[in-house]
Structures are given as C-alpha cells and as structure tokens.
Amino acid sequence: MADVLPFQAEVKQLLDLVVHSLYSDREIFLRELISNGSDALDRARFLELSRSDLRAAEGEAAVRVWADKDHGTITISDVGIGLTREQAVDHLGTIAKSGTKAFAAALKEKGTPAGDTNLIGQFGVGFYSSFMVAHKVVVDSLSGEPGAEAIRWTSDGGGEFTIEPGTRTTRGTDVVLHVRSDCTEYLDDSRLREIVEKHSDFLSYPVFVGPVGSDERVNQTQALWTRNPREVTDDEYKGFYKHVAKDWQDPLAWVHITTEAPLEFQSVLFFPERRPFDLDHPEVKRGLRLYQRRVLVLDAADQFLPRYLRFVRGLVDAPEVQLNVSRELLQNTPVIGAIKKQLVKRVLRRLKELSREDEKGWLTFWENFGTTLKEGVAEDSENKDQLIPLLRFRSTAEAVEPPAPAEDAADAGKPTVPGKWRSLADYKIAMKDGQDTIWYLTGLDLGRMRANPQLERFKKKGWEVLLLSDPVDEWVAMNLNEFEGVPIKSVARGEFDDKNDDPIAEEARKQAEPFIGWLKDELSGQVGGVRASNRLTDSPAVLVDSEFGVTSNMERILRSARQDVPKAQRTLELNPEHALVRQLVGLHAAGVDDPEKLASAKPLARLLLDYAQLAEGHVDDAPGFAARLAALMSRSIVAGPAGPTASAS
Ligand code: ADP
Ligand code: MG
C-alpha cells in the first residue's frame, strides 16, 4: 500500500526555487547525490565500529552511477546505511536542519528571488537538486537497522511524495532519476564521467560510472587529506570544500596540514568566501569533522578551534585522540590541546598571508568575518599579537560613501556601506608631528560617532581617530594597549592633556573655576565630576568616561543584552571659551550676591547635562528633559528679546 504524504511547506518552497532558478548549475545534482552516498557509507562504517547487529553490506563500499537510455533514467547507488521508512519521510520530506530552515524563513521574508544563486548558494539544497534534471525521483532503500524493511519513496517534486514497500534486498540506497526531456545530455556515460571527475574526484570512496559489469572507476580514492598537499589540485580542494561544508561557492583559501611527529594528524581547513547567515545562531553546532584513519567519528567537533575561528570549515583526522565508550564524546585531552594549538597557528599564518597578498581580498574577508575574528583579540591572549595586524577599522580619515543599492540587501553578509578600512599600521604611518598616541572612539552608530563633540579637537589638529562601531569593539579596545610601541587610547576616556596655553584660553579657564565648582555640587550624583575641557572647540560641553572601568557604550551594550551593570561614572567637561559657558559663568558670578539670579541658573545646570547627552545621541531622562526644555521655552517667551509688549501690539 502506498501512502501519499505532503512535503513540509519549506521543502515545497525550496523545490520551486531549485527547479526554476538554477539552470546554469544543473550538473551539480550528481555531486549532491554522490555526496549523499558517500555520507551514507561513512555513517555505516562508523556505526559498524560499535554495533554488531547491523545488516551487513554486500559488495564493495562504493558509489555507482549508471544511465539507462531506454528508460530515460540515471541511477545513483550506494551500499551505505540506507533509510528506514521513518527516515525517508523525515529526511526527504522535511527540512530538519536549522540552517536550511532559516533559509526558508529568509525566502519567505524576501519572496522567492528567482535566479538568485548567491542566496541559495549558501545552503546545501542537496537531495532536492535532483529535481533540477528529473521529473520524477524514486528512492529505493534498505536500512542497515535490524528488522527494517525495504522502502520506496517516489515524488515528482510537486506538493507530495509517496512511500510504499520497496524491492531492495541488500543494504543501501538506489536513487533513480527519471530525466526530463530537456536534460537528456546526462543520459550519456561520458558526460556523467566528466561531471564526476570535475566535482567528486576527491571522494574517499570509489565512484564507478557505466553499465553494471562494465563500469569504470572514475575518481582517485585516496582520502584527500592523507595525500601530499603538493599533489592536490586547486579544483580538488574546491570540490572537497563543497562536499565538506555543503556550500555551493568556492572557498576563499585553505590550509592543508599533514604531520607525523610528535603527533600524527592531518587536517584540511577552509575559509569560506562569504559569511553564513547563521554563523552566530547559538543552536547551530559549528566545528570540524573528526576522522580517525579515514573513518568519520564526529560531524562537528568544536574542540579543535577557538570560537573566534568558528567560520573555518573542514576536517581533522587524528588517530590519537581518545574517545569514550560510546565513541561519541571527546575527552579534553592534551592531544586535543596540542592539535588545536597547531591548527590555530596555521590558520593565523594563512590569514596573515591573505592580508598581505591581496588587500582587496582581505577587506572582503574582513567585511564578512572581521567581527568574528576580532573576538580573538579579547579571548586569545596567546595569539593576540598575531591578530592585531589583521584588524581593520573605520576611521575619521575615510570618505563617507553612499549606501549600496537596495537589492544588495538580499546578499547576506555583504556590507551595505562599503568604506575605507584602516589598519593600525596605516594609522601609524599617517600620524602627525607631535602626535604620540593612536586614538579611537567606540560607539554603535558611525554617523553619530562622526558627529561626536569628543572629536572636535582631534579634527582641528588633523589627528585621525579610529571609529570602533561593533559591539565587540569595546572588548577588543580593552585589549589594545599599544601597537609597535605607540600607546592606543580612547578619545572619550580620562583627561585629554593637550593643554591649550593660549592666554585667552587660560584666562577663560580661570574665570570658569567658581562656576565649575558650583556645577559639581548641583550635579552631584548625576555625574562623577565636572572640569574644564581640552577636547572641545565648537561645543559647550561633553561627557567623558573615566579612565578605567565600564564605559557608557559598554554599559549600553550590556544593558541591551539584559545584563545588570552599575551606571558608568562620567565626567562633564565644559568648554570655558564657548559663549554659552561664558554667559553661565557670568550669571553664576552675579548670582553670588543675588539669590534670585542663582536660582535661575539652576535649571540651566541640569540642561547642560541634557545637552551633553543629547550631543551623543542618548538622553538619559527624556521626560525630564522635555519638561526642562518646555520651561526654558516659556521663560524665553516671557522674558525674550521681543518682550511682553511685542505680543500686546
Ligand atoms: P544533507 O546531505 O546536507 O544532509 P541532503 O538534502 O543531501 O542534505 O540529504 C538529506 C538527508 O537525506 C540526508 O541527511 C540523509 O539523512 C538522507 N539521505 C539522502 N541520501 C541518502 C542516501 N543515499 N543514503 C542514506 N540517506 C540518505
Ligand atoms: Mg547531501
């Protein structure tokens, strides 16, 4: 009896996309199906290590492909672990992987981007790619699970599929494609061989192509990672990457390590070209495939690389790593630690090469993965010095460019505002005479940061300021103390001791002292202190973070992550030369003998603080500020320049 079941809604969407928008890449259906056969062989081999009750395979562990011109079919056959009825329904009828699910959600949001292979390229559509060339797909499978029965899964790629008893008598899976009339080129063995050579040459199981009996082995079968790196071609690495990472795009670069002593292991690591949209999803398990003597042990072992390198894809074959009884969980052994150290070293070395070889390529990498890599500056003190030269920053020296056109927004991972990036070395070279410090400002919004009064003096002097606008930058900055002997400091912290010894400025400072003392009392509890500023040229006041401890930006980041943080104690700095400040100083001086005048200065004191907050883009007490502003407005109308008589006329 055949059961008819609907596809999950997301699968249907994916199928529509696959069938309608990927004509140019159609031949990759074969890579996907062979790759699945290889995965099934891997899984069987792994289970056989710990279980004796599995149905044994018959014949060589291999994937076989043949075409039948008379029936218009291509069959991809393996003797892997097979599929039970339940698995066929689950794995071929729904999308279980959270990544693909999120992809489907993204599609829903943006509508089906017909022809957008870039978006789809981030997701292995895998099995469903068979519908690019087939109008009907039949999967005949017998699972290795004891007691499982042979099943047949059939679908025409519409809304549903059927499940019925199958005819396979030995363990494994046959995927039979009924080829569409416009895809008959694939019914030719030599064409199939060509595709296998191109996309699946690196597979560690033999792939045979041709009619059963007279078929030929097409690929090399030595596991790619065990081969001499000098003998592996770029195309082999690229094909292998697509298999391992289930990405459709070529990798940006790779590292291949084979060592014998003191520890035997092999590893191939890849840097993807673009940021996966789910790189930061906490549910997505990231890690390397772990093999032991070419047998897959773990799909995502996260013990081999630090978190800040979580964008790296690939595998490690490490026979000496110990496994526990269930052969699943790894103990945290010195062996793992030693391998990790090697991998990190090699990855960082490769990143350094990339950053030197090709500045433009490096910036692409940086725009995709910079925020992730930067975490290492805070997390990995051992390798901090390797990471710092890789960092790139926005800065006041860059030209502001217009935002990219809107359609680019669909390209996840692409920045919407391309800009000029600066390294610390660039900065150092551009330092002005008399400048002995690398300056930066942290914040969350580049636009607001550029307008921050804290930059005034620096602009005037022509000193560049790095603009650190990622949340993680606060932590990066805490760990950036110097670069090649030049101290690195925040423009918004502590006292800026670049004294202006102009006599007029000196005089203004002196005159402002009593007012500043009074203001300190007026604002006590609201600010940590009040002092005359060396930072300002155009603005009357600015708020400054203390030299040590939590900055106001970090406070905001932590608050938005719902963390409890003490309020940062900030200092209000006044520009004694500013006309407004001079007037306030005058008002205060007159108020010493006139309590009424002094009382009128009080609300202005609090408004000065509101002003300084507003200039940064955040008012702490918005309702209070609104009330103070309203009071000020009505007072200025009552006592304003026109006077009450003006309205009476
Ligand atoms: P992926 O390979 O990324 O998991 P696919 O769409 O290629 O995604 O395949 C979906 C699932 O179907 C696989 O994870 C596997 O469980 C199952 N599957 C596909 N082909 C086979 C096969 N030849 N043998 C056993 N299981 C298979
Ligand atoms: Mg697959």
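Start by selecting Asn575: at 3% relative accessibility, Asn575 counts as buried. Keep in mind as you click around that this is a predicted model. Asn575 sits in the loop that runs between strand S22 (570–574) and H17. Now show its surroundings. Leaving aside residues up to four places away in sequence, Asn575 touches Leu536, Thr537, Asp538, Ser539, Pro540 and Val581.

**Stop two: H15 against H17**

Look at how they pass each other: the crossing of H15 and H17 is left-handed. For the side chains, select Ile504, Ala508, Gln511, Ala512, Pro514, Phe515 and Trp518 in H15, then Arg582, Leu584, Val585 and His588 in H17, and you have the residues that meet. Colour this contact of H15 with H17 by class and you get eight nonpolar residues, two polar and one charged.

**Stop three: H18 against H19**

Next, pick helix H18 (residues 595–616) and helix H19 (residues 622–639). Here the packing angle is about 125 degrees and the axes are 10 Å apart. H18 and H19 are therefore oblique to each other. H18 passes H19 in a left-handed crossing. On the H18 side, the contact is made by Ser600, Pro603, Leu604, Arg606, Leu607, Asp610 and Leu614, while H19 brings Phe625, Arg628, Leu632 and Arg635. Sorted by class, the contact of H18 with H19 has six nonpolar residues, one polar and four charged.

**Stop four: down the axis of H3**

Jump to helix H3 (residues 85–93) and highlight Ala88, Leu92 and Gly93, which are buried. Turn the view until you look along the axis of H3: its buried residues fall within an arc of 85 degrees, so they line one face of the helix.

Time to switch to backbone view. Which peptide bond is cis, with omega near 0 degrees? Zoom in on the one from Ala261 to Pro262. Pro262 lies in the loop joining strand S10 (253–259) to strand S11 (265–271).

Then go to Arg293, which has a positive phi of about 45 degrees although it is not a glycine. You'll find Arg293 in the loop between strand S12 (288–292) and strand S13 (295–301). Is Arg293 buried or partly exposed? With a relative accessibility of 49%, Arg293 counts as partly exposed, because the exposed class begins over 50%.

Glu484 is another stop for phi: the value is positive, about 45 degrees, and again this is not a glycine. Look for Glu484 in the loop between strand S18 (482–483) and strand S19 (486–490). At 54% relative accessibility, Glu484 counts as exposed.

**Last stop: the whole chain**

Zoom out and show everything as a cartoon. The protein chain has 20 helices and 22 strands in its secondary structure. Of its 649 residues, 52% count as buried.

How values were computed. Residues are numbered from 1 along each chain as its sequence is written. Chains are lettered from A and ligands numbered from 1 in the order in which they are written. This is a predicted model: local features need pLDDT of at least 70, side-chain atom pairs count only at pLDDT 80 or more; totals for chains, interfaces and linings use all residues. Side-chain values use heavy atoms; hydrogens and water are left out. Buried means under 20% relative accessible area, exposed over 50%, partly exposed in between (1.4 Å probe, protein chains only). Helices (H or I, at least four residues) and strands (E, at least two) are DSSP runs, numbered from the N terminus. The arc is that of the directions from the helix axis to the C-beta atoms. Axes are lines fitted to C-alpha atoms, for helices over the stretch in contact, and angles run from 0 to 180 degrees between N-to-C directions. Angles under 35 degrees count as roughly parallel, over 145 as roughly antiparallel, 65 to 115 as roughly perpendicular and the rest as oblique. A crossing is left-handed if the near helix is turned anticlockwise from the far one by less than a right angle, and right-handed if clockwise. Contact means heavy atoms within 4.5 Å. Ala, Val, Leu, Ile, Met, Phe, Trp, Tyr, Cys and Pro count as nonpolar, Asp, Glu, Lys and Arg as charged, and the others, Gly among them, as polar.
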